Amino acid sequence: MEASFVYYDPTSKTYRYHAVDSSGEIENKSGTVSGDTWTWLGESTIAGKAYHTRYIMKFVSKDSFEYTDESGESENSMKVFVSGKETRVAPKPTKSQPEQ
C-alpha cells in the first residue's frame, strides 16, 4: 500500500512528488516540464539505502507517452530499470438493459 501526493510549488516553479509505502520505502521527486517532456529527479530510500532516481515521460500523442525510469546509488551510476509506452484506450460503451 502506498500513499502519495503531487503538487505544484510556485516558489521553485517545479512539481513535487512525495510517497511512502507500507514497507517503509520513501520517495521524493521534483518535476519540470519542457514542451512535451516531463522530467522527475529525486531520491528513494529502499531497505534503508538511498538511491538517486530519474523518471522521464515524453508525450508522443494526446493519448500516449513513452517513459524511462532510472535509479542508482549515485547520479553517475543510474541505470534504466524499466521503460515503455503507455496508451489511453477509450472505454467500450456498455449495453443498456431494456426498461421493464
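**View 1. Lys58 and its partner Asp36.** Let's start with Lys58, which is partly exposed, with a relative accessible area of 35%. This is a predicted model, and in it Lys58 pairs up with Asp36 in a salt bridge whose closest N and O atoms sit 3.0 Å apart. Asp36 belongs to the loop between strand 3 (26–34) and strand 4 (37–46), while Lys58 is part of strand 5 (residues 49–61), so the bridge ties together parts 22 residues apart in sequence. Asp36 is partly exposed too, at 34% relative accessibility.

**View 2. Arg54 meets Glu70.** Here's a salt bridge with 2.9 Å between the closest N and O atoms of Arg54 and Glu70. Arg54 comes from strand 5 and Glu70 from strand 6 (residues 64–72), so parts 16 residues apart in sequence get tied together. Glu70 counts as buried at 12% relative accessibility, whereas Arg54, at 24%, is partly exposed.

**View 3. Arg88 reaches Asp63.** These two side chains form a salt bridge, 3.0 Å from N to O. Arg88 lies in the segment after strand 7 (79–87) and Asp63 in the loop between strand 5 and strand 6, so this pair links parts 25 residues apart in sequence. Salt bridges with shared partners also bring in Lys62, making one network of Lys62, Asp63 and Arg88. Arg88 is exposed at 57% relative accessible area, and Asp63 is partly exposed at 27%.

**View 4. Stepping back to the chain around these pairs.** The protein chain has seven strands and zero helices. Buried residues account for 21% of the chain's 100 residues, and the structure holds seven salt bridges.

Definitions and conventions: Residues numbered from 1 in each chain as written. Predicted model: local features only at pLDDT ≥ 70, side-chain atom pairs only at ≥ 80, totals over all residues. Heavy atoms only, no water. Helix = DSSP H or I, 4+ residues; strand = E, 2+ residues; numbered from the N terminus. Buried < 20%, exposed > 50% of the residue type's maximum accessible area, 1.4 Å probe, protein only. Salt bridge = Lys/Arg side-chain N within 4 Å of Asp/Glu carboxyl O.
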